[in-house]
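Hi there,

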Amino acid sequence: MEWWCLKLLVDAGASVVVHDRQHITPLMLAAGHGYTETVNLFCSLSDSSYINKQDQRGWTAMLYAAERNHISCVEALRSHNASIFIQSNEGLAAADIARQCGHQRLFTLLDGKGGTFESTGGTIQQHGDLEMFLSSIELSSLSPIFRAHKIDFETLLTMNQHDLERAGVTQIGNQKKLLEAIRQLHPTEFEMPDMSQTLYNLQLDCRDTAKVLKIFNRHLRYIRGSAKYVLGQVRDSRKMESEWAGNRVEESGVLENYMSVLDTVRELERCVQEIGEEMCEKMQPPPANLEEAVRAADHPSTSALSALGFVGLGGIITLGLVFTFSGIRQHLS
């Protein structure tokens with residue numbers, strides 16, 4: 001997260017004391033994603049009632065941080081007098097969530113009673129990308145259905161009406177709302193934060209690099225979701241059937257964009273390969289799993305093209321047609 005961008009917004013008068021329809025606050029999101037500096041900023045601009053505010057599940061920022069094992073955020077919240085004893089609607093406090101999610105160190109920090117750590121296998125219902133998306137279109141009630149079928153957000157982006165019916169989403173109104181939201185997500189312009197100041201004026205350490213790679217991987221998963229979505233459209237869309245034999249394909253720019261995508265992904269693959277090679281060279285001796293992964297990257301079956309789902313004409317997408325949370329974030333303002 002670009003902390004300095006948030007600071008500029010706050011300095012310009014943007015309020016952080018807001019929430020969405022599910023009463024999820026920016027502080028909860030920051031705590032759940034491990035943005036410690038942002039947590040400190042938001043806490044400094046609010047009072048204890050906001051810091052300890054609960055969403056519709058009864059979750060506080062402290063519980064979100066505990067769920068994801070963000071110890072630095074937990075400590076930051078505690079320094080601003082956030083309570084570790086407030087319970088969710090299920091009667092779970094921060095230490096309970098840390099225990100159930102298997103976070104032993106955090107549990108010891110929060111428990112303070114010398115209690116026995118026994119992980120229950122992670123029975124916590126996480127509030128991640130899928131829940132954020134469903135919340136933004138007022139369909140949070142469907143979250144248990146998707147979780148029961150092990151449908152994550154990336155999978156949801158590839159689903160059609162038949163898939164929704166098989167998963168148990170049978171109401172026509174809910175199907176239409178979901179399909180329309182999915183359709184609108186894919187052509188949403190992908191926006192990256194301006195990282196030029198960070199990347200060119202600073203040297204990254206291992207922790208910073210890990211964060212960049214984590215964000216990078218998340219974007220790639222969304223791109224893969226869009227690729228699968230377009231693959232399904234190319235296979236099944238009746239609108240396209242009459243266009244393949246005519247001139248509309250070339251006029252639409254589909255082939256031109258497809259070739260551009262191939263070039264971009266191949267360059268991406270080379271770059272990722274070189275990152276791995278540099279890591280192997282720096283780490284002596286390099287970890288066996290890293291060496292194996294770098295060697296495997298040379299094999300066509302494990303190439304970035306295969307991983308992203310670019311298989312023949314079915315993989316036609318443009319990297320700009322990727323989901324961004326910009327529409328959802330508007331619900332938080």
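Predicted model: local features only at pLDDT ≥ 70, side-chain atom pairs only at ≥ 80, totals over all residues.

Residues are numbered from 1 along each chain as its sequence is written, and side-chain values use heavy atoms, leaving out hydrogens and water.

On the surface, Leu213, Phe216, Val272, Ile275, Met279 and Met283 make up a nonpolar patch with about 440 Å² of accessible area together. (Patch residues have over 30% relative accessible area and no salt bridge, and nonpolar side chains are joined within 5 Å, like charges within 9 Å; a salt bridge puts a side-chain nitrogen of Lys or Arg within 4 Å of a carboxyl oxygen of Asp or Glu; areas use the Shrake-Rupley method with a 1.4 Å probe.) Two or more residues come from each of α15 (206-236) and α18 (254-282), and α18 gives the most, with 3. Helices are DSSP runs (H or I) of at least four residues, numbered from the N terminus.

Ile275 sits in α18 and is partly exposed at 35% relative accessible area, where buried means under 20%, exposed over 50% and partly exposed in between.

Helix α18 also holds Glu278, partly exposed at 42%. Glu278 belongs to a surface patch of negative charge with Glu274, Glu277 and Glu281 (Asp and Glu count as negative).

Lastly, Asp96 lies in helix α7 (residues 94-100) and counts as buried at 19% relative accessibility.

Best wishes

Key:
Buried < 20%, exposed > 50% of the residue type's maximum accessible area, 1.4 Å probe, protein only. Charge placed at Lys NZ, Arg CZ, Asp CG, Glu CD.
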